[in-house]
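Here is a short briefing for a reader new to this structure. Look at the sequence and the model first, then read on.

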Amino acid sequence: MSKSVLVLFIVLSLGFASAFKPVVIIHGILTGAESMVIIHEEIQRYHPGTLVYNTDRYAGWSSLENAWHQVFEFQNDLQQICKDHPDGVILLGYSQGGLMARAVLQIYPDHCVKKFISLSSPQAGQYGTDFLHLIFPSLMAKTAYQLFYTYVGQHTSVGNYWNDPHHQDLFEQFSIFLPYINNDLPSTNSSQFRDTLLKLDQIILIGGPDDGVITPWESSHFGYYNGTDDVIPCKQRKIYLEDRIGLKTLDEDGRLKLITMAGVKHFDWHLNVDVIRKVILPYLD
Ligand SMILES: *[C@@H]1O[C@H](CO)[C@@H](O)[C@H](O)[C@H]1NC(C)=O
Ligand SMILES: *[C@@H]1O[C@H](CO)[C@@H](O)[C@H](O)[C@H]1NC(C)=O
């Protein structure tokens with residue numbers, strides 16, 4: 001290589017290295033890093049040079065472990081990544097992984113995440129038989145609370161975000177995870193749980209009516225059932241109106257994006273190249 005070609009080469013590779021922020025990916029329940037390979041590859045195809053961290057932690061059955069355990073370990077990894085990339089990274093979580101990812105941000109006051117992308121994640125909780133039967137074939141949504149709202153039931157991630165609209169008293173009494181990270185219940189960490197999300201440049205929540213697993217699907221946008229099974233959209237719920245975790249402030253600043261895509265089934269979001277190109281890539285920079 002001649003000297004000038006070599007210099008050009010170095011300039012180009014430096015240019016690529018800094019052009020796009022690294023992307024950190026957290027997979028969904030009962031799968032692992034291999035399930036996120038298509039997103040990983042599409043990002044690198046369209047944004048050459050992007051570093052992608054596609055975690056394989058809590059893959060397979062271990063994805064059912066207690067949510068706090070998962071969140072603390074993911075946070076350890078993110079800390080190392082932030083050390084290496086002080087200019088910031090983008091965090092993307094799919095399904096349960098998007099809920100874990102959001103909690104990772106909340107327990108990490110100095111996080112370096114600029115944008116958070118939640119791909120069909122039960123951010124306001126989950127209450128539905130279809131989802132339940134993927135993991136617990138003999139449980140029914142109506143009675144699952146009897147298992148999940150117990151000390152033992154809280155050993156599993158699904159129990160941690162099971163949100164039974166007809167047993168909100170038990171939910172708040174037993175759930176050790178969702179009511180806290182959503183600031184339904186005040187704790188010593190409440191203001192931190194809000195401030196950490198307010199640090200984001202942008203929060204992108206993607207979901208859609210044909211999901212079939214996240215129930216109600218609006219949970220992907222922080223919407224949820226009220227006591228008579230009517231779905232109340234995010235912007236009419238207390239979590240937004242009282243700005244409990246900063247969603248309202250983010251929205252008023254133009255930093256909250258609620259994206260609805262019809263025709264996408266739950267197990268296709270992370271595989272569907274159309275979704276990746278239309279609603280994920282535009283937010284990566
Ligand atoms: C909440 O804050 C306390 C005190 O700062 C800390 O020890 C605890 O680990 C925090 N819990 C979470 C889940 O962040
Ligand atoms: C739930 O919301 C619907 C529609 O807004 C309303 O008619 C109903 O009374 C609400 N139920 C409860 C228990 O608040």
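Serine 120 counts as buried, because 29 C-beta neighbours lie inside 10 Å and 20 or more are enough for that label. The model is a predicted one. Serine 120 sits in the loop between β4 (113-119) and α5 (129-135). Its phi is positive, about 50°, although serine 120 is not a glycine.

**Backbone features**
- Most residues other than glycine have a negative phi, and most peptide bonds are trans.
- Asparagine 183 also has a positive phi, about 55°, and is not a glycine.
- The loop between α9 and α10 (190-198) holds asparagine 183.
- Asparagine 183 is buried, because it has 21 C-beta neighbours inside 10 Å and the cut-off is 20 or more.
- Threonine 215 and proline 216 are joined by a cis peptide bond, with omega about -5°.
- Proline 216 belongs to the loop between β5 (202-207) and β6 (224-225).

**Serine 175**
- Serine 175 is placed in the loop between α8 (168-174) and α9 (178-181).
- Is serine 175 buried or exposed? It is buried: 24 other C-beta atoms lie within 10 Å.
- Beyond its neighbours within four places in sequence, serine 175 contacts Tyr149, Gln154 and Asn160.
- Serine 219 is 44 residues from serine 175 in sequence, and the two C-alpha atoms are 17 Å apart.

**A helix pair**
- Two packed helices are described by the angle between their axes and the distance between the axes.
- Helix α3 (residues 67-84) packs against helix α4 (residues 96-106) at about 65°, with the axes 9 Å apart.
- The crossing of α3 and α4 is right-handed.
- From α3, the residues in contact are Ala67, Gln70, Val71, Phe74, Gln75 and Leu78; from α4, they are Met100, Ala103 and Val104.
- This contact of α3 with α4 has seven nonpolar residues, two polar ones and no charged ones.

**Ligand 2**
- Which residues surround ligand 2? They are Asn226, Gly227, Thr228 and Asp230.
- The shell around ligand 2 has three polar residues, one charged residue and no nonpolar ones.

**Overall build**
- The protein contains 13 helices and eight strands.
- Its radius of gyration is 19 Å, close to the 19 Å that the globule rule gives for 285 residues, so the protein is as compact as a globular protein of that length.
- Along the principal axes, the C-alpha atoms fill a box of roughly 70 × 35 × 35 Å.
- Of the 285 residues, 42% count as buried.
- Among contacts with a separation of 6 or more, 66% link residues 24 or more positions apart.

Conventions
Residues numbered from 1 in each chain as written. Chains lettered and ligands numbered in written order. Predicted model: local features only at pLDDT ≥ 70, side-chain atom pairs only at ≥ 80, totals over all residues. Axes fitted to C-alpha atoms, helices over the stretch in contact; angles between N-to-C directions. Helix = DSSP H or I, 4+ residues; strand = E, 2+ residues; numbered from the N terminus. Left-handed = near helix turned anticlockwise from the far one by under 90°. Contact = placed C-beta atoms within 7 Å. Nonpolar A, V, L, I, M, F, W, Y, C, P; charged D, E, K, R; others polar. Near = placed C-beta within 6 Å. Rg over C-alpha atoms; globule rule 2.2 N^0.38 Å. Buried ≥ 20, exposed ≤ 12 C-beta atoms within 10 Å, placed from the backbone.
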